[in-house]
Amino acid sequence: MNYNWNWNIFFQPNPMGTGTYLDMLLSGLALTIKTALLAWIIALVFGSIIGVLRTLPSRAASWIGFAYVEFFRNMPLLVQLFLWFFVLPELLPRAAGLWLKQLPNAPFWTAAIGVGLFMSARVAVQLAAGVSSLPRGQKQAATALGLTTVQSYRYVLLPMAYRIILPPLTSEFLNTIKNTAVAITIGLLELTGQARAMQEFSFQVFEAFTAATVMYLLINIVVVTAMRFLERWVAISGYISGK
Amino acid sequence: MKRIHVVSLALAAALGASQAGAQELTGTLKSIKESGSITLGHRDSSIPFSYLDDAQKPVGYAMDICYKIVDAVKKELKLDKLEVKLTPVTSATRIPLMANGTIDLECGSTTNNAERQKQVSFTNTHFLTASRYVTKKASKIEKIDDLKGKSVVSTAGTTNIKQLTEANAARNLNINIIPAKDHAEAFLMVETDRAVAFVMDDILLSSLVAGSKAPGDYVISKDAFSKPEPYGIMLRKDDAPFKKVVDAATAAVYTGGEGAKIYDKWFTQKIPPKGLNLATPISAELKNQYAKPSDSPDPDAYK
């Protein structure tokens, strides 16, 4: 290996005039976290709605749920972001398209919404699986008590289903964070984007990506730990995740 | 019989080694001699420097110069046959592949600057290009100040986006700077009106415009964000004997008039695969560079 290692590079000023190279990576990290959180909220909200639709007795509802899931999960995320960012504005009437293109921070919003919708299809499948894993008697008992469908989901089925799917939801959350890296394709300079920019400027490619790797690991450790606490906190003794 | 043969071979090898001992081969030259092959790193879409033609073969201005270097290396090492291996590289992989010895020369459009020289070396400059911008004719942007308050795109991690950022701050332009992943996507942003202008090396802008759907719709600015900056063929750092051979080879190509011929072939005539003609006559700075080859990273050295 003929490589000039230079770990001090992080404390040298970056050529963009925004502090050191480390500052550059940290600003990328902040953007990664912001994008991932917004995307995760979108994924949870839409995933829950679609997941419930898929388990309803109504034919139409479960067909809508099915179509939504297949649409979003069968297309590569990269292609989806590209479509949202470059193709959608061209399909709209010219004025609306131009308005959309000139929105400030367009890459950020497109990335958060694009990643969020992609992940929502996965959350929907998890939730539907959680609901159908419950014993059938639960739903029948709720109906026998005189609860409406909305009530039986709100008070009986969903509280249990969410507890069952907490562990897989943790990994979906981790995936959401990692998937934001795809957003460099639409010009969002998140952590991976900044690491790439750093290696282009300084040619210290290994240092840049090592630092990015460590940062991804750290956020993921934080998320895993937080989710463990959440699991323990919501556990009901005697029930599946209780002890 | 056979035994004697082997012994004589070993003797010959030992003698040969002791002879070469006077000028002990090291680094890249040594590994080229031992393997009988040299590996060129090439790009896939740096038109017309290094890109793939319709037969997926890497061609271009920088590739032609690299083949001249290969000839010189072959002569220097007195080899009958030197196999040329080709490895595709991207802007992200070129440094690791150079550092770990996969490629010996990177033939493309890599800017030679002082920052990068801490990691790699460059041979004599093969091109000089200034940072300019392309706009649609319809947007009527005549000078840099017309970009005030508009969205302007440039490729992330390039010296160009750095110069744009600096000019933006120095001149109070209030430009909304959008970083793009690569040149093709940055150009797409101008094509789809997400940005009014794309700041990049002018020669790359020319090739993007020439290859676009409607080349007549675009105009490249007269105003520049920088002085002409040098492109160089990259080689490993701290390998003086190899650099000496490569420098001598490129200097001979430029001063001997061959360089100008190769230049004309790629910049003023139709090039494969689509028969584009970049119609970019040689600049005064590059003419100077041909007369007095230099590997300086400093733009002021090329006046």
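Axes are lines fitted to C-alpha atoms, for helices over the stretch in contact, and angles run from 0 to 180 degrees between N-to-C directions. Helices (H or I, at least four residues) and strands (E, at least two) are DSSP runs, numbered from the N terminus. This is a predicted model, in which local features need pLDDT of at least 70 and side-chain atom pairs count only at pLDDT 80 or more, while totals for chains, interfaces and linings use all residues. Residues are numbered from 1 along each chain as its sequence is written, and chains are lettered from A and ligands numbered from 1 in the order in which they are written.

In chain A, helix 1 (residues 21–55) packs against helix 5 at an angle of about 40°, the two axes lying 5 Å apart. Helix 1 of chain A is therefore oblique to helix 5 of chain A; angles under 35 degrees count as roughly parallel, over 145 as roughly antiparallel, 65 to 115 as roughly perpendicular and the rest as oblique. The crossing of these two helices of chain A is right-handed, a crossing being left-handed if the near helix is turned anticlockwise from the far one by less than a right angle, and right-handed if clockwise. The residues of the contact between helix 1 and helix 5 of chain A comprise 19 nonpolar, eight polar and one charged. Here Ala, Val, Leu, Ile, Met, Phe, Trp, Tyr, Cys and Pro count as nonpolar, Asp, Glu, Lys and Arg as charged, and the others, Gly among them, as polar. Two residues are in contact if their C-beta atoms, placed from the backbone, lie within 7 Å.

Helix 5 (residues 106–132) of chain A also packs with helix 7 (residues 149–179) of chain A, at an angle of about 150° and with axes 9 Å apart. These two helices of chain A are therefore roughly antiparallel to each other, and their crossing is right-handed. Among the residues that make this contact are Val115(A), Met119(A) and Arg122(A) of helix 5 of chain A, and Leu157(A), Ala161(A) and Tyr162(A) of helix 7 of chain A. By class, the residues of this contact are twelve nonpolar, five polar and two charged.

The contact between the chains takes 25 residues from chain A and 28 residues from chain B. On the side of chain A that touches chain B, helix 3 (77–91), helix 4 (94–101) and helix 8 (191–202) of chain A each supply at least two residues. Helix 8 of chain A gives the most, with seven residues. That side of chain A divides into twelve nonpolar, nine polar and four charged residues.

Chain B contains an open sheet of five strands in the order 11-10-12-9-13, with mixed pairing; two strands pair if DSSP finds at least two bridges between them. Strand 11 and strand 13 (218–220) of chain B stand at the edges with a single partner strand each, so one side of each has no neighbour in the sheet. Neighbouring strands of this sheet are turned by 30° against each other on average, direction ignored. Strand 9 (residues 131–136) and strand 13 of chain B pair in the antiparallel sense over three bridges, and Thr135(B) has Val219(B) of strand 13 of chain B as its bridge partner. Helix 5 (residues 159–170) of chain B packs on the sheet, touching strand 9, strand 10 (151–155), strand 11 and strand 12 (197–201) of chain B. Helix 6 of chain B likewise packs on the sheet, and its direction makes about 150° with that of strand 12 of chain B.

Lys140(B) is found between strand 9 and strand 10 of chain B, and its phi is near 50°, a positive value in a residue other than glycine. Lys140(B) counts as exposed because it has 10 C-beta neighbours inside 10 Å; a residue is buried if 20 or more other C-beta atoms lie within 10 Å of its own, exposed if 12 or fewer, and partly exposed in between, with C-beta atoms placed from the backbone. Asp193(B), in the loop between helix 6 and strand 12 of chain B, has phi near 65° and is partly exposed, with 18 such neighbours.

A further open sheet of chain B has three strands in the order 2-3-4 with antiparallel pairing. In the loop between strand 2 and strand 3 of chain B lies Pro48(B), and the peptide bond to it from Ile47(B) is cis, with omega near 0°.
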